[in-house]
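Please study the sequence and the three-dimensional view shown below. The paragraphs that follow lead through them step by step.

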Amino acid sequence: MVKILWVDDEIELLKPHLLFLKGKGYEVDSCNNGYDAVDMVRQTAYDLIILDEMMPGMTGLETLPLIKDVRPTTPIIMVTKSEEENIMDKAIGSKIADYIIKPVNPNQVLLSIKKNVHSQQLVTEQTTADYRAEFGRISSMCQTASSFEQWCAIYRKITGWELELSQSSDQSVKEVLAYQKNEANQEFCKFVRRNYYNWINKRVDEQDIPVMSHTLMRKNILPEVDSHPKTTLLLIDNFRYDQWRAISSMLRGYYDVQKDDFYCAILPTATQYARNAIFAGLMPLAIEKLMPGQWLNDNEQGGKNQYEEDFLARQLKMAGKNYRWTFDKLVRPDAGRRLIDNINRVYDADFSVIVYNFLDILSHARTETDIIRDLTEDDASFRSLTCSWFEHSDLYTILKLLSERGHRVIITSDHGTIRVDNPVRVTGDRETSVNLRYKTGRNLQYNPREVYEVQNPEDIQLPRINLTSKYIFAYNYDFLVYNNEANKFIRYYRDTFQHGGISMEEMIVPYIVLEPKQ
């Protein structure tokens, strides 16, 4: 029950008001002076205090800071006979929650209580009601979606509701949303399975093929640089749309969002494939054929993304672009600080590229480190940790500096990540890739109904490990585990964040264009 303290030197005259609030279900204590009020506040944690401004002895304005010393977060409603500006300035400066002008109307008091005590509850109740009304429309969209753009709209809606309902105490509606997201992902996986081959091989009209990893630079990014010199591309590995929505409010004072869009990551949705494709402007098979010394297959030792700057240089040359450009990859913790110290080289460039690897590192740390696993037990807590990191990161500082210099910023990623929970068993030989969301190798054994299988890698422009190798991709929340010691690996990897397979979170990648505020 909500506890209220009403302090007024004429409290006896206010008994009808007290009875009115008690009739509405509130527990109301009262006193007639500031001294007693401070003592009562020390003894009882009230949810709200109604304080008369004009009282003999110690006034309301004198009582207010004493109460705040004891209960700094308790909302206080000031009741006053006067609207004089200097009185209200003092009260508001002391952080009152609201004020009411005498004579006091009981409904006016009730409204102020609801606003200051029940506001979050009322908001979440309304949000819950709104989502329940929207549920049927989203389900209908999932059944009829026939284009990547329509799936982007569905993903945007579901993500929006995840954020809206994250503060709700209604666990049942969260379960309904999780069920709907699972259903949507199942339909999205079927959609990708029907269309992916045709997209990659241009077997449909150009307008029906989404912008994908290997066409992102040519179709989206370079036209931005052509029309807006002083453009910075910020590629955050493993960055999902919900994480963008979570941090976007921190950038409002520095940027206006010019474009809030998506593109489609290629398969596998893994850094080795997707990010190399972005910078080369080519599918992995073409990279291997044209630059064999700069492509390593899954079973080969060595860094798989060593040549991104070389790939970008080649793509810019092939496109006839003569920009002054820079390329920085921030992997180690001190790399961001070094870039800040040398920020003038970014300022001077027409086109600057910054690759930031923190979220990928955080995803892997969640698997390896118990404390990170506890801090990111679900998507909501992972978003929260992303916000905490970003607010104190060198990346945030870099973005503020770029805004001051008038740089347009493009924020995107090479792929997203998904929290997996359903094991799918496979077998393979020692050369089989280790990724939990896709496998490639020659002796793979699996249930073909549980995965998206590609018997001939060239069909989707992927290189082979050997003559008989193929690829399989996990759907939705599945992850691929070997039969040997399966239970051990299931316990270890269940509820971890992985990438490489087919899901909205991995393939529908945010593409954000920010214009600096003048």
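**A guided reading of the model**

P103 lies in the loop between β5 (98–101) and α5 (106–117). Helices (H or I, at least four residues) and strands (E, at least two) are DSSP runs, numbered from the N terminus. The peptide bond that leads from K102 into P103 is cis, and its omega is near 0 degrees. A further cis peptide bond joins L267 to P268, with omega near -10 degrees. P268 is placed in the loop between β7 (255–264) and α11 (271–280).

The model is a predicted one, in which local features need pLDDT of at least 70 and side-chain atom pairs count only at pLDDT 80 or more, while totals for chains, interfaces and linings use all residues. Residues are numbered from 1 along each chain as its sequence is written, and side-chain values use heavy atoms, with hydrogens and water left out.

The protein as a whole may now be considered. It contains 21 helices and 18 strands, and its C-alpha trace spans about 90 × 55 × 45 Å along the principal axes. Of its 518 residues, 53% count as buried; buried means under 20% relative accessible area, exposed means over 50%, and partly exposed lies in between (1.4 Å probe, protein chains only). The protein exposes about 23600 Å², and carbon and sulfur atoms supply 47% of this area. Such areas come from the Shrake-Rupley method with a 1.4 Å probe, and for residues only the protein chains shown count as cover. Among the contacts with a separation of 6 or more, 74% are accounted for by residues 24 or more positions apart, where contact means heavy atoms within 4.5 Å.

The charged side chains comprise 62 positive and 73 negative ones, and the centres of the two sets lie 5 Å apart. Lys and Arg count as positive and Asp and Glu as negative, whereas His and the chain ends are not counted. The place of a charge is taken as NZ of Lys, CZ of Arg, CG of Asp or CD of Glu.

β1 is joined by 5 bridges to strand β2 (residues 27–31), and the two run parallel. Two strands pair if DSSP finds at least two bridges between them. Within this pairing, K3 has E27 of β2 as its bridge partner. The chain passes from β1 to β2 by way of helix α1 (residues 15–23), forming a right-handed β-α-β crossover. A crossover is right-handed if, with the strands pointing away from the viewer, the path from the first strand over the helix to the second runs clockwise. β1 also pairs with strand β3 (residues 48–52), in the parallel sense and over 4 bridges. Here the bridge partner of W6 is I50 in β3.

Several single residues deserve a separate look. Is F390 buried or exposed? F390 counts as buried because its relative accessibility is 1%. This residue belongs to helix α18 (residues 379–391). Leaving aside neighbours within four places in sequence, F390 is in contact with I247, M250, L251, L395, Y396 and L399. The C-alpha atoms of F390 and N357 are separated by 12 Å, and these residues are 33 apart along the chain.

Y197 is located in helix α8 (residues 171–200) and, at 30% relative accessibility, counts as partly exposed. Once neighbours within four places in sequence are set aside, Y197 is in contact with R203, Y452, D459 and I460. Its C-alpha atom is separated by 43 Å from that of I343, which is 146 residues away along the chain.

A319 is found in the loop between α13 (308–318) and β8 (325–330), and its relative accessibility of 37% makes it partly exposed. Although A319 and L222 are 97 residues apart in sequence, their C-alpha atoms are 9.1 Å apart in space.

Q461, a residue other than glycine, has a positive phi near 60 degrees. Q461 sits in the loop between β14 (451–454) and β15 (470–474) and is partly exposed, with a relative accessible area of 23%. D495, likewise a residue other than glycine, has a positive phi near 70 degrees. The loop between α20 (486–493) and β17 (497–498) holds D495, which counts as partly exposed at 30% relative accessibility.
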